[in-house]
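I opened the model to look up two topics.

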Amino acid sequence: MRTPRQLQGLWRASLRTADGWRTVREPRGPYATASVLEWGSITKGLVGTTAWLTLEVERPVVYYLPGVPDSEMTVADLIHHTSGLPRLPATMRDRLFGDPYRESVGVPLDLAAAVPATPRGQFVYSNLGYALLGAVLDEVHGDWFAAVRQQVLDPVGISSAALVPADADRVVPKLFGRPIRPWALGESSFAAAGGVWSTFDDLCRYADWALEPGAAHSRTVSWQRERASIWINGEVRAAGAVIANAAGVTAAVHALAKAPHAADRIATALIEQEVRSTRDG
């Protein structure tokens with residue numbers, strides 16, 4: 001059976017233990033020739049923290065955006081995916097080969113489309129909810145990404161984060177020798193749901209800050225939890241990323257052109273292997 005380090009394909013990973021970070025796989029291929037990679041929905045960690053720190057989270061969203069149809073959903077509902085909003089508006093569809101976000105580039109978010117599809121209080125993962133959360137931050141601060149930079153990126157020391165990096169800087173896979181065009185998330189009204197790019201080192205800096213022992217709950221308010229594990233992940237057109245922590249080990253993984261959630265599986269395998277080797281050693 002192959003160890004995680006022997007898995008083929010384009011991916012990059014680092015592990016953090018009590019001794020600090022160590023590289024599991026050195027940059028190769030696109031990771032060696034370009035500098036910034038997609039966070040996908042790990043972006044939600046930045047947005048949720050900024051909302052938690054700067055907004056009255058128990059206030060109804062309509063307090064900030066009167067055009068929203070549902071008068072009961074709160075800012076906290078958007079952060080926790082309990083608003084009842086669907087993953088995407090009914091007018092948009094997940095597409096295997098197309099770009100569902102291209103049509104929303106340069107177009108303000110349609111607040112009238114923020115119609116719940118399930119009862120409030122139930123967990124339903126929603127990119128629409130985080131796009132709406134970005135619109136709330138825009139309303140309050142003028143620019144949601146500027147607020148994120150002030151509340152999280154600058155304090156953490158993340159300098160490479162961008163929504164629309166130069167094409168030459170982007171770590172992307174190729175198909176038939178040509179770069180696969182990423183979704184236009186960062187240019188769209190859904191940018192707050194998954195539009196951030198940065199270097200891999202800055203992704204690890206975010207992991208350090210969010211998971212710092214004794215840190216406030218606000219730093220991981222948008223993360224997922226199951227028993228003693230905590231993680232945040234993202235999937236975009238041809239890439240996936242995850243930061244996961246369990247048993248005192250943190251894994252940061254980014255993968256290109258693999259099956260959905262491949263980065264999650266690699267991270268899980270790396271953590272399990274690290275825990276076994278520590279126990280057996």
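Which residues form one aromatic cluster? I found Trp 39, Tyr 206, Trp 209 and Trp 223. I paired rings of Phe, Tyr and Trp (its six-membered ring) if their centres lie within 6.5 Å. By this rule I get seven aromatic pairs.

This is a predicted model, so I note that local features need pLDDT of at least 70, side-chain atom pairs count only at pLDDT 80 or more, and totals for chains, interfaces and linings use all residues. Residues are numbered from 1 along each chain as its sequence is written, and side-chain values use heavy atoms, with hydrogens and water left out.

Next I checked charges over rings (NZ of Lys or CZ of Arg within 6 Å of the ring centre and within 35 degrees of the ring normal). The charged end of Arg 59 sits over the ring of Tyr 63, 3.9 Å from its centre. Arg 170 has its charged end over the ring of Trp 197, 5.0 Å from the centre.

Then I turned to helix H5, residues 127-141. Helices here are DSSP runs (H or I, at least four residues), numbered from the N terminus. At 1.5 Å a residue, its 15 residues should span 21 Å, and the end C-alpha atoms are 21 Å apart, which agrees. The expected span is 1.5 Å times one less than the number of residues.

I count 11 of the 15 residues of H5 as buried, meaning under 20% relative accessible area (1.4 Å probe, protein chains only). Among them are Asn 127, Tyr 130 and Leu 137.

Last, I looked past the end of H5: Gly 142 follows, with a positive phi near 95°.

Definitions and conventions. Helices (H or I, at least four residues) and strands (E, at least two) are DSSP runs, numbered from the N terminus. Buried means under 20% relative accessible area, exposed over 50%, partly exposed in between (1.4 Å probe, protein chains only). Rings of Phe, Tyr and Trp (its six-membered ring) pair if their centres lie within 6.5 Å; planes under 30 degrees apart count as stacked, over 60 as edge-to-face and the rest as tilted.
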